[in-house]
Amino acid sequence: MDGAAERSLPEPGSRGSRAGDDIEIVVNVGGVRQVLYGDLLSQYPETRLAELLHCLAGGYDTIFSLCDDYDPGKREFYFDRDPDAFKCVIEVYYFGEVHMKKGICPICFKNEMDFWKVDLKFLDDCCKSHLSEKREELEEIARRVQLILDDLGVDTAEGRWRRCQKCVWKFLEKPESSCPARVVAVLSFLLILISSVVMCVGTIPELQVLDAEGNRVEHPTLENVETACIGWFTLEYLLRLFSSPNKLHFVLSFMNIVDVLAILPFYVSLTLTHLGARMMELTNVQQAVQALRIMRIARIFKLARHSSGLQTLTYALKRSFKELGLLLMYLAVGIFVFSALGYTMEQSHPETLFKSIPQSFWWAIITMTTVGYGDIYPKTTLGKLNAAISFLCGVIAIALPIHPIINNFVRYYNKQRVLETAAKHELELMELNSGSAGEGKAGSSRSDLDHLLPEPPGQEGSWSSRLKISHSDTFIPLLTEEKHHRTRLQSCK
């Protein structure tokens with residue numbers, strides 16, 4: 001082939017009398033053949049398909065920089081890409097937007113759009129939200145993998161004090177890290193239960209004793225058990241605070257605030273008992289101590305630290321604020337309406353229990369929530385009919401938002417399991433790619449994690465190229481490098 005033929009080839013599907021926009025090209029994407037017209041592709045000249053219109057003028061080097069193979073006899077461009085994703089991408093030329101089909105991985109689809117040089121601004125809003133959700137999942141996987149790598153690796157450049165802190169933090173915060181850590185976690189869980197039981201048992205009059213003033217107080221044995229539990233909680237909190245990598249974040253964390261509220265009343269009441277009598281009357285001190293002892297119920301929330309189910313339930317409730325607000329609004333409207341109706345209908349009865357509308361609120365609440373204490377009830381026929389209607393409306397109002405809340409719980413629980421499995425799978429892939437067990441240390445593995453870490457702002461284009469995604473999802477390597485080279489030579493001939 002001479003140089004002139006290499007530099008310029010006839011335009012595909014063009015004729016001498018046709019304008020540039022009447023050019024038609026044939027593309028074969030993953031075995032799916034598609035005919036596209038120049039007037040359609042020229043709407044977006046920066047895309048890869050639009051560049052094919054005039055690539056033949058630049059010779060075969062330009063052609064093969066845009067496609068995987070070219071057949072000059074059929075004038076057909078070949079691409080080893082996902083045909084399903086391509087069918088979605090070319091919608092931009094027809095409709096001006098791209099909609100991702102169900103079942104396609106959003107991250108893989110973004111890579112396909114990058115390959116075809118179609119801007120993400122053409123992606124539909126619903127698909128963008130799906131893409132953002134997958135990005136967040138990848139960032140969460142990267143965070144979990146990074147935490148595991150930090151636990152596995154030991155940085156010899158760190159000082160002894162820093163290594164000691166990391167060991168204590170790992171021992172107390174990660175029960176799965178070792179058998180002693182698991183024993184400590186179980187012991188802490190049991191002490192939470194014991195302290196909660198002691199708090200309840202201490203209020204039984206038969207188990208209380210009389211003090212010097214004749215007042216009933218907790219049994220000394222129960223107080224000793226309480227003191228031992230508080231001592232353990234205090235030691236655990238101080239060790240976790242000492243070993244925390246971020247002290248401010250640790251102190252402001254919700255679960256750590258619960259820990260403080262669980263142990264603080266003990267020390268405040270102890271201080272008031274021994275020193276408060278000198279500054280205030282004994283009665284006031286006792287009242288303050290009793291008020292503080294009520295705060296001990298906060299320790300039951302410490303169970304959430306050791307229960308993934310409670311953590312999942314908390315997250316589901318946080319994500320269901322809209323549904324819970326809707327439930328409260330339904331109940332508030334129903335309570336106001338049925339309490340006003342109940343008060344009006346019961347005024348004709350001489351022994352009515354509905355003295356006022358605010359008092360009727362209590363009746364409406366316990367009726368709509370199907371509790372029914374029986375302390376206040378209607379006596380007239382219309383009042384009973386109103387009570388029956390309020391009962392049915394309450395059941396419906398409570399049942400409506402329950403399904404979305406349950407869905408949020410199940411979705412988050414399943415998502416956490418998937419993310420945990422994905423993080424472990426990513427570590428297995430890193431270990432396989434390392435080539436040997438000696439290369440699988442945290443230092444080298446951390447560099448392998450770069451493909452999952454979020455990209456700094458302004459560099460979103462290269463973010464997806466660093467993602468570790470199976471080529472089987474988006475790219476089918478039908479040709480090896482050697483065969484691909486021979487195909488180019490054959491095409492040139």
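**Group meeting: a walk through one predicted chain**

T344 is exposed, with a relative accessible area of 56%; exposed here means over 50%, buried means under 20%, and partly exposed is in between, with a 1.4 Å probe and protein chains only. Before going on, the ground rules. This is a predicted model, in which local features need pLDDT of at least 70 and side-chain atom pairs count only at pLDDT 80 or more, while totals for chains, interfaces and linings use all residues. Residues are numbered from 1 along each chain as its sequence is written, and side-chain values use heavy atoms, with hydrogens and water left out.

Back to T344. This residue sits in helix α17. Helices (H or I, at least four residues) and strands (E, at least two) are DSSP runs, numbered from the N terminus. The T344 side chain reaches the backbone oxygen of A340 at 2.9 Å. That is a polar contact, meaning a pair of N or O atoms within 3.5 Å; within protein, one must be able to donate a hydrogen and the other to accept it, and residues adjacent in sequence count only if both atoms are side-chain atoms. Between T344 and L382 there are 38 residues of separation along the chain, and their C-alpha atoms are separated by 9.9 Å.

Now the overall numbers. The chain has 24 helices and 6 strands. Of its 493 residues, 35% are buried. For contacts, the criterion is heavy atoms within 4.5 Å. Among contacts between residues at least 6 apart in sequence, 62% join residues at least 24 apart.

Next, helix α18. How far apart are the end C-alpha atoms of α18, and what span should its 12 residues have? At 1.5 Å a residue, residues 357–368 should span 16 Å, and the end C-alpha atoms are 16 Å apart, which agrees. The expected span is 1.5 Å times one less than the number of residues. After the helix comes T370, which has a positive phi near 60°.

Which residues of α18 are buried? They are S360, W363, A364, I366, T367 and M368. An α-helix has 3.6 residues a turn, so residues three or four places apart point the same way. The buried residues of α18 pack against α17 (321–346) and α19 (381–399).

On to the cores. A nonpolar core is a set of buried Ala, Val, Leu, Ile, Met, Phe, Trp, Tyr and Cys residues joined through side-chain atoms within 4.5 Å. The largest one has 43 residues, and those with the most contacts inside it are V27, L49, F77 and F109. Apart from it lies another core, of 11 residues, with L331, F338, A364 and A387 among them. As for V27, leaving aside neighbours within four places in sequence, its contacts include L49, L52, F77, F79 and F86.

The strands come next. Two strands pair if DSSP finds at least two bridges between them. Strand β1 (residues 24–29) runs parallel to β4 (residues 76–79) over 4 bridges, and V26 has E76 in β4 as its bridge partner. Strand β3 (residues 69–71) pairs with β4 in the antiparallel sense over 3 bridges. There, Y70 stands opposite F77. The hairpin of β3 and β4 has 4 residues between the strands, and in it R75 takes a positive phi near 55°.

A few single residues. Q208 is in the loop between α10 (179–201) and β5 (209–210). The side chain of Q208 reaches the backbone oxygen of G202 at 3.0 Å. Not counting residues up to four places away in sequence, Q208 touches G202, T203, R216 and V217.

Last, the record. An unreviewed UniProt entry places the feature "transmembrane region" at residues 183–204, 248–270, 324–341 and 385–406. UniProt positions are given in the numbering used here, feature names are shortened, and annotations may be inferred rather than shown by experiment. In the model, residues 324–341 are 100% helix and 0% strand, with end C-alpha atoms 26 Å apart. Residues 385–406 are 91% helix and 0% strand, with end C-alpha atoms 33 Å apart.
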